[in-house]
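I opened this entry to look up a few local features. The sequence and structure come first, then my notes.

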Amino acid sequence: MTSHQAGFRTVSPRVFLTIGRTVALPFRRVSALTALVLFVLLLVAAVATLSLGRLGIPLADLAGAVTGGAEGRHAFVLERLRGPRLVVAMGTGAALGLSGALFQSVTRNPLGSPDVIGLASGAGAGAAITALMFPGTVPVALGALLGAILAMVLVYVSTGTGFRNPARLVIAGIGVAAIGTAVTQYVVYAMERDRAAVLTAYVNGSLSARSWDDATTIWLVLLIVAPLTALIARRLDIGEMGDDIAGALGSEPRSTKTIAVVLAIVLSAGAVSVAGPIAFVSLTAPQIAKRITRVSGPHLLLSALTGALLLVIADLCAQQLPLFENLPVGIYTMAIGGVYLGWLLVREWRRGVL
């Protein structure tokens with residue numbers, strides 16, 4: 001689907017924010033305004049996460065608690081119960097949103113995401129096998145990370161061209177995803193009921209009982225990957241015009257695609273290692289960012305902010321909705337993704353694209 005078919009204005013950025021001679025970030029005023037609005041909404045969602053509910057910190061005390069004045073119950077909520085969970089949700093959502101933006105940029109497919117190429121299914125299978133074969137000895141998060149890496153190795157080998165061919169990448173990923181899902185379902189079926197229930201919560205993606213170590217992990221991944229993403233931001237923006245034009249302008253589309261896919265995988269693997277395979281955030285966040293701004297481009301920063309906002313809101317629902325107590329946050333992101341996919345299919349059908 002081209003940008004014109006999707007209804008985007010294919011306007012090239014008027015300004016590039018440059019850092020030295022190697023970094024040039026596409027800048028548009030509408031994108032800057034959207035980023036500001038998303039940041040404010042994220043801040044509101046964060047305040048709601050910390051303040052709502054029976055154990056929430058009252059708004060009058062929240063500012064003092066966050067700046068180091070928390071004591072007693074407020075300290076427990078901020079430092080152990082909700083604080084780490086909120087920071088992990090922000091980092092994980094940002095990583096997934098940025099990962100999806102990278103992947104969709106190189107595949108030029110609004111339905112493309114790391115979920116499609118089997119990373120989440122591989123992580124689920126790794127978590128399931130770890131819980132079954134090494135209970136209590138090997139962390140389930142480590143098993144999930146290893147499963148995600150193995151899935152990506154299988155995809156890389158199966159395509160015959162590594163990560164350079166988006167079409168082969170998606171086809172191989174669907175096959176690997178099917179294998180990972182089958183392994184996960186078998187393990188859940190074979191395990192004892194209580195253990196299977198715990199594993200099911202992790203396989204769907206969960207933010208409960210997160211620690212500051214988890215927060216450090218995901219934000220360290222973002223700190224490492226974000227500058228590398230900035231280095232290829234201009235190449236990705238030029239790549240929106242097609243490989244031939246991008247090659248003529250010196251953006252090296254084949255190597256750019258490989259680098260972008262690798263960075264997307266690293267971001268997704270980092271997210272999986274701290275929260276499990278949370279679905280649909282990487283799929284929906286970049287598309288929401290594009291449809292808000294109505295201009296073409298990878299929208300890397302906006303996708304990260306949108307992903308963070310989506311996951312924080314989903315986790316807020318997981319904590320506060322009384323009718324569905326203790327549901328994993330991944331169930332809510334699946335619901336968001338299902339609504340998005342349904343809306344997208346109806347919209348494209350009405351436009352005559354499908």
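I take helices (H or I, at least four residues) and strands (E, at least two) as DSSP runs, numbered from the N terminus. The model is predicted, with local features needing pLDDT of at least 70, side-chain atom pairs counting only at pLDDT 80 or more, and totals for chains, interfaces and linings using all residues. Residues are numbered from 1 along each chain as its sequence is written, and side-chain values use heavy atoms, without hydrogens and water.

Backbone entry. I looked up Phe280 in the loop between α12 and α13 (281–293). Phe280 is not a glycine, yet has a positive phi of about 75 degrees. Its relative accessibility is 21%, so I count Phe280 as partly exposed (buried is under 20% relative accessible area, exposed over 50%, partly exposed in between; 1.4 Å probe, protein chains only). I then turned to His299, in the loop between α13 and α14 (300–320). His299 also has a positive phi, near 50 degrees. At 7% relative accessibility, I note His299 as buried.

Cavity entry. I used a 1 Å grid over the protein atoms alone, where a cavity is a set of points that a 1.4 Å probe fits but cannot leave, and lining residues have an atom within 4 Å of a point. Grid points are joined across faces, edges and corners, and a volume is the space filled by probe spheres set on the points. I found three cavities of 30 Å³ or more. Two elements give two or more residues to its lining, α5 (119–133) and α12 (253–275). The most come from α12, with three residues.

Conventions:
1 Å grid on protein atoms, 1.4 Å probe; cavity = no way out; pocket = protein on both sides within 12 Å on 5 of 7 lines; lining within 4 Å.
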